[in-house]
Amino acid sequence: MADIIVLILIIGYCGFVIFQRHRQKKNGAQNGCHGICDGCSGCGDLSHLKETYFADKMKKERKL
């Protein structure tokens, strides 16, 4: 009985990890990172944030 519970927990966790990875890719997360975070190796290069900020700012100014 305990073996079945452990097996269900492992399968559930694997499903959770697969679902999270799929959602990250679907949302367009860059290197699995959604923002600025400490210790996240995927967030090591934040130079794209400045470019994105100014591009968004220019788009908003054009709409006004």
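## Exercises on a predicted model

The count comes to 1 aromatic pair under the rule that rings of Phe, Tyr and Trp (its six-membered ring) pair if their centres lie within 6.5 Å. This is a predicted model, in which local features need pLDDT of at least 70, side-chain atom pairs count only at pLDDT 80 or more, and totals for chains, interfaces and linings use all residues. Residues are numbered from 1 along each chain as its sequence is written, and side-chain values use heavy atoms, with hydrogens and water left out.

**Exercise 1.** Classify the geometry of the rings of Tyr-53 and Phe-54.

*Solution.* Planes under 30 degrees apart count as stacked, over 60 as edge-to-face and the rest as tilted. The ring centres of Tyr-53 and Phe-54 are 5.2 Å apart and their planes stand at 70 degrees, so the pair is edge-to-face.

**Exercise 2.** Decide whether Phe-54 and Leu-9 are buried, partly exposed or exposed.

*Solution.* Buried means under 20% relative accessible area, exposed over 50%, and partly exposed in between (1.4 Å probe, protein chains only). With a relative accessible area of 41%, Phe-54 is partly exposed, whereas Leu-9, at 59% relative accessibility, counts as exposed.

**Exercise 3.** Describe the span and the burial of helix 1.

*Solution.* Helices are DSSP runs (H or I, at least four residues), numbered from the N terminus. Helix 1 (residues 2–27) contains Leu-9. From its first C-alpha to its last, helix 1, with 26 residues, reaches 37 Å, close to the 38 Å expected at 1.5 Å a residue, where the expected span is 1.5 Å times one less than the number of residues. The number buried among the 26 residues of helix 1 is 0, so helix 1 lies largely in the open.

Definitions and conventions: Helix = DSSP H or I, 4+ residues; strand = E, 2+ residues; numbered from the N terminus.
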